[in-house]
Amino acid sequence: MLASLLPIVAAASLIADQASEQAGPVDALFWFITGVSAIMTVVIFASICFFAYKYRRRTAVHATQIEGSNKLELTWSILPFLVMLVMFGWGADLFYKAQNPPTNAMEVFVTGKQWMWKVQYPDGSREIDALHVPVGTPVKLTMASEDVIHSFSVPAFRIRHDVIPGHYDSVWFTPNKPGKYHLFCTEYCGNQHAGMTGWVYVMEPREYANWASGGGGQGTLAEQGQALFQQFGCATCHLLDQQGRCPILRGIYNKPVQLDDGRTVIADDAYLRESILDPNAKIVAGFQPDVMPHFKGQVTEENVIQLIAYIKSLSPSTPASQQGGGQPTPPTPSRAARAASQANAAKPGQAVPR
Ligand code: HEC
Ligand SMILES: [Cu+2]
């Protein structure tokens with residue numbers, strides 16, 4: 001019954017295209033749950049009608065006492081329970097996969113801002129309300145919000161994730177069908193929320209390489225970050241090779257950091273972001289609080305992404321994927337590092353922003 005409805009529903013485009021590898025599995029679970037619900041609804045309503053008719057009030061018939069049936073009660077408890085467990089297990093499996101991007105995913109950075117989506121690529125190019133990706137490559141989006149809660153949603157990929165101010169959220173997908181797909185904000189975020197839409201362009205790899213090679217102009221994301229590192233005076237404190245009052249940032253990316261309260265944390269994107277915007281939140285063991293000025297309000301989320309890209313580029317062990325695999329010009333750590341240490345030597349006494 002349901003199956004015969006499908007083409008009609010799809011034709012009315014109530015159901016978005018399936019354009020990612022996760023779309024099929026998500027839909028399968030959706031239709032399973034919908035199917036079970038539909039069947040149960042029909043069974044229950046049919047029983048109500050049947051029993052209402054069968055035991056309707058009649059003259060000269062006396063009601064008899066029914067004591068119940070353990071067998072029946074166990075059956076209608078255990079069977080639904082098992083069906084629910086299937087839904088749970090299946091859903092948990094999809095959820096787990098959705099939370100864990102493959103390590104070879106290409107990384108793209110997305111910043112939500114009333115009322116637009118800003119996109120930054122590792123090669124330094126950027127665009128607004130548009131995202132270009134190659135078909136067949138897993139893509140991980142690292143997302144931040146400049147103001148309020150937004151929600152990043154691409155129905156054709158069956159992905160949606162809230163983007164909450166104050167930290168990073170991420171979502172991933174593997175597009176498997178070239179084309180142009182709607183991108184929405186699905187969290188009411190102010191009076192022009194409805195206009196916070198855009199397009200995702202899924203391209204053939206060769207076409208994509210062409211498109212990507214046109215971008216940039218201002219250097220890679222890491223090079224942009226390096227310029228900011230000078231501009232904001234980070235370089236006056238964080239020397240590249242010599243540890244003074246400040247930790248050396250070379251090589252810290254994705255490595256454990258010992259904090260002064262005894263905890264050890266991994267220097268991932270979220271940690272680096274917090275270290276820049278709110279340095280006192282976590283103090284590195286052996287260093288003083290209140291030395292590093294906090295940069296909240298001084299640097300935008302896009303700047304933070306650039307600074308982090310630069311710090312990442314100082315860690316030669318960073319896997320290629322983290323540096324934007326699939327991009328034609330990933331930042332070369334040695335080049336960025338060398339340029340930075342030269343710049344460091346050149347400007348020792350730059351003013352520190354407060
Ligand atoms: C006035 C000196 C000073 C300036 C300027 C400064 N920092 Fe720091 N930074 C420190 C000190 C001191 C620490 C260690 C104490 C702490 O954890 O807050 C630190 C810690 C950090 C850490 C954590 C390092 C680790 O090993 O875990 C990062 C990342 C960082 N700074 C990035 C930056 C960036 C990016 C800038 C420029 C936007 C900057 N800092 C500007 C002094 C400074
Ligand atoms: Cu929004």
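I began at the strands of this predicted model, and found that Phe184 stands opposite Thr197 in S10. I then looked up the pairing to which these neighbours belong: strand S9, residues 179–185, runs antiparallel to S10, and six bridges join the two.

I turned next to the other pairing of S10 that I had noted, and asked myself in which sense strands S4 and S10 pair. I found that S4, residues 130–134, and S10, residues 197–203, are paired in the parallel sense, over five bridges. As a point of reference in this pairing I wrote down Val133, which has Val202 of S10 opposite.

I moved on to the helices and took H2 (residues 23–54) with H3 (residues 70–99), whose axes lie 11 Å apart and whose packing angle is about 160°. For the handedness of the crossing of H2 and H3, I recorded left-handed. I listed the residues that make this contact: H2 contributes Pro25, Val26, Leu29, Ile33 and Val36, while H3 contributes Val83, Met87, Trp90, Gly91 and Leu94. Sorted by class, the residues of the contact of H2 with H3 come to nine nonpolar and one polar, with no charged residue.

I then checked helix H5 (residues 221–231) against helix H8 (residues 301–313), and found that their axes come within 7 Å and cross at roughly 105°. Since the range from 65 to 115 degrees counts as roughly perpendicular, I put H5 down as roughly perpendicular to H8. On the H5 side I noted Leu221, Ala222, Gln224, Gly225, Gln226, Leu228 and Phe229, and these meet Asn303, Gln306, Leu307, Ile308, Ala309, Tyr310, Lys312 and Ser313 in H8. The class count for the contact of H5 with H8 is eight nonpolar, six polar and one charged.

I finished at ligand 1, asking which residues of its surroundings are the closest. I found 26 residues around ligand 1, of which Cys234, Cys237, Pro247, Phe287 and Met292 are the closest. By class, I recorded 21 nonpolar residues in the shell around ligand 1, together with four polar and one charged.

Technical notes:
Residues numbered from 1 in each chain as written. Chains lettered and ligands numbered in written order. Predicted model: local features only at pLDDT ≥ 70, side-chain atom pairs only at ≥ 80, totals over all residues. Pairing = 2+ DSSP bridges. Helix = DSSP H or I, 4+ residues; strand = E, 2+ residues; numbered from the N terminus. Near = placed C-beta within 6 Å. Nonpolar A, V, L, I, M, F, W, Y, C, P; charged D, E, K, R; others polar. Axes fitted to C-alpha atoms, helices over the stretch in contact; angles between N-to-C directions. Left-handed = near helix turned anticlockwise from the far one by under 90°. Contact = placed C-beta atoms within 7 Å. Parallel < 35°, antiparallel > 145°, perpendicular 65-115°, else oblique.
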